Amino acid sequence: AAALDPRTRELTRRRRVLGDAYRLFYRHPVEVVRGRGAHAWDAQGNEYLDMYNNVPSVGHAHPRVVEAVHRQMSELNTHTRYLHEAILDYADDLLSTMPDGLDEVMFVCTGSEANDLALRVGREYTGGRAYIATAEAYHGNTALVSAHSPSLAGAETMDPTLRVVTPPDTYRLGDETAEGAGAAWLARIEAAIAEIEASGDGFAGLILDSSFSSDGIFLGETGMIRAALDLVHAHGGVVIADEVQPGFGRTGEAFWGFARQGLGPFDAAGRPADPFVPDLVTTGKPMGNGFPIAAMAARHEVLEAFATKRPYFNTFGGNPVAIAAAQAVLDVIRDEGLQRRALDVGAQVREGLREVALSHPAIGDVRGSGQYTGLELVVDRETKEPATALALDLLEELRERRLLTSVCGPNNSVLKLRPPLAFESSDVPRLVETLDASLTALGA
Ligand code: PMP
């Protein structure tokens with residue numbers, strides 16, 4: 001038989017041993033073997049600009065995280081049924097980043113587990129079953145969570161009590177002004193709650209990624225969706241803030257995505273005069289810079305109903321090594337001022353992209369906050385028809401030019417720019433030039 005090239009051989013082998021469920025990025029998948037900051041290298045020594053990875057959030061292979069994990073792993077790692085003071089120190093430190101009222105935290109290994117627990121806790125506390133989620137939301141891979149992740153519809157069976165709402169689309173649907181989007185979303189949440197209350201399913205609450213990541217990235221003005229969140233509370237539901245994407249400083253304005261829904265002026269530490277307090281907060285991805293650790297923070301009153309009745313054990317969740325990683329991440333975010341950097345450099349990114357838009361009419365919208373930017377591609381700026389094919393071609397073109405990213409939104413027409421917070425302003429020109437050249441190459 002003719003010899004296969006090494007890449008084809010590896011893909012064939014991967015499929016043989018891993019099966020068909022996993023999806024890789026790119027027509028020519030990337031194999032990266034080393035990273036630093038927002039940069040990664042493949043086995044041939046080619047360097048890539050990583051505009052996608054929110055997992056190594058403080059930067060690929062950050063030396064302080066590496067050192068903390070190495071030190072703790074050399075001393076002890078174990079299951080989570082022993083005392084270990086570092087776990088309590090980290091719990092206190094993490095809770096100190098949240099508003100008063102969120103005073104307990106449980107550690108798990110993945111965002112999926114955190115959301116699974118939160119959905120169960122919310123049902124126990126409210127006595128209701130039915131949640132609201134957004135139209136393209138992804139919250140994780142357990143049976144319960146995937147049944148509350150409409151982006152999997154077709155592949156998974158949705159929970160029959162789940163109600164789905166479209167996001168506050170600040171670009172379309174007549175939601176274009178911050179006020180309009182907030183008001184439109186309030187009306188949608190109101191209608192969903194009314195439907196649940198009429199059905200007899202019992203209202204459990206809202207599970208929400210407040211950056212609307214899979215829905216197309218709609219961070220909007222701070223406070224944009226506050227009225228809708230207050231309405232959930234007024235009807236006795238819990239708000240589960242899924243912070244897997246916006247948390248840990250990414251949006252720049254606040255340490256947590258939900259904190260952007262505070263009202264009144266924000267102080268220097270990013271705390272608003274009138275904070276929004278969710279009932280349950282779930283985190284994951286960036287928490288350990290790639291080391292598996294995730295958490296669910298809760299108001300005591302909300303967790304109590306569950307915790308007193310249902311023992312919960314998680315072998316690996318919050319073990320000493322995971323906690324060492326998480327503590328190092330929190331320390332680095334503070335010591336290197338990464339929330340502030342996200343705010344400043346993210347603004348430079350969008351300014352640069354808006355310049356590119358001047359010569360590329362396919363760019364319909366550039367939006368975001370901090371280091372979370374959505375760039376929406378359209379066939380026509382008037383009709384705003386989504387340019388899905390172009391977006392998918394652009395991804396490949398960017399990849400060939402060694403810039404890694406992906407797409408989101410209901411039509412896969414929104415380029416998702418979500419680099420490690422370590423992304424530096426000196427990388428902005430390369431991003432801008434690569435995007436400009438790629439669009440030109442595609443005739444857009
Ligand atoms: N929530 C959101 C918003 C996510 O983006 C993801 C992962 N993409 C998850 C939850 C699930 O996290 P994990 O993959 O760690 O289970």
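Two strands pair if DSSP finds at least two bridges between them. Helices (H or I, at least four residues) and strands (E, at least two) are themselves DSSP runs, numbered from the N terminus. By these rules, strand S1 (residues 32–36) and strand S2 (residues 39–42) pair in the antiparallel sense over four bridges. The model is predicted: local features need pLDDT of at least 70, side-chain atom pairs count only at pLDDT 80 or more, and totals for chains, interfaces and linings use all residues. Residues are numbered from 1 along each chain as its sequence is written.

**Confidence and overall form**

- The average pLDDT of the chain is 95, and 98% of the residues score at least 70; pLDDT is the predictor's confidence in each residue, from 0 to 100.
- For the complex, the predictor gives an ipTM of 0.99 and a pTM of 0.96.
- The chain holds twelve helices and 18 strands.
- Its radius of gyration is 22 Å, close to the 22 Å that the globule rule gives for 444 residues, so the chain is as compact as a globular protein of that length. The radius is taken over C-alpha atoms, and the rule is 2.2 Å times the number of residues to the power 0.38.
- Taken along the principal axes, the C-alpha atoms of the chain fill a box of roughly 60 × 60 × 55 Å.
- Of the 444 residues in the chain, 52% are buried. A residue is buried if 20 or more other C-beta atoms lie within 10 Å of its own, exposed if 12 or fewer, and partly exposed in between, with C-beta atoms placed from the backbone.
- Among contacts in the chain with a separation of 6 or more, 72% come from residues 24 or more positions apart. Two residues are in contact if their C-beta atoms, placed from the backbone, lie within 7 Å.

**The sheet that holds S1 and S2**

- Four strands form an open sheet in the order S1-S2-S3-S16, and the pairing is mixed.
- S1 and strand S16 (403–404) stand at the edges with a single partner strand each, so one side of each is left without a neighbour in the sheet.
- Strands of a sheet pair through backbone hydrogen bonds, either parallel or antiparallel.
- S1 and S2 form a hairpin with two residues between them, and Gly37 in the turn has a positive phi of about 55 degrees.
- S2 pairs with strand S3 (residues 47–50) in the antiparallel sense over three bridges.
- The hairpin of S2 and S3 has four residues between the strands, and Gly45 in its turn has a positive phi of about 90 degrees.

**Around the ligand**

- The ligand has 15 residues around it, of which Thr110, Gly111, Ser112, Gly140 and Val244 come nearest. A residue is near a molecule or strand if its C-beta atom, placed from the backbone, lies within 6 Å of it.
- Helix H4 (residues 111–126) gives the most to this shell, with three residues.
- The shell divides into two nonpolar, ten polar and three charged residues. Ala, Val, Leu, Ile, Met, Phe, Trp, Tyr, Cys and Pro count as nonpolar, Asp, Glu, Lys and Arg as charged, and the others, Gly among them, as polar.

- Ile217 is not a glycine, yet its phi is positive, near 65 degrees.
- Ile217 lies in the loop between strand S7 (203–208) and helix H7 (226–234), and is buried, with 30 other C-beta atoms within 10 Å.
- Phe248, also a residue other than glycine, has a positive phi near 60 degrees.
- Phe248 lies in the loop between strand S8 (238–242) and strand S9 (263–266), and counts as buried because it has 29 C-beta neighbours inside 10 Å.

**Two residues and their contacts**

- Leu415 is in strand S18 (residues 414–417) and is buried, with 25 other C-beta atoms within 10 Å.
- Not counting residues up to four places away in sequence, Leu415 touches Leu375, Leu377, Ala391, Leu394, Thr405 and Val407.
- Leu415 and Leu395 are 20 residues apart along the chain, and their C-alpha atoms are separated by 8.0 Å.
- Ala305 is in helix H8 (residues 300–307) and is partly exposed, with 16 other C-beta atoms within 10 Å.
- Leaving aside neighbours within four places in sequence, Ala305 is in contact with Glu124 and Tyr125.
- The C-alpha atoms of Ala305 and Gly122 are separated by 9.4 Å, with the two residues 183 apart along the chain.
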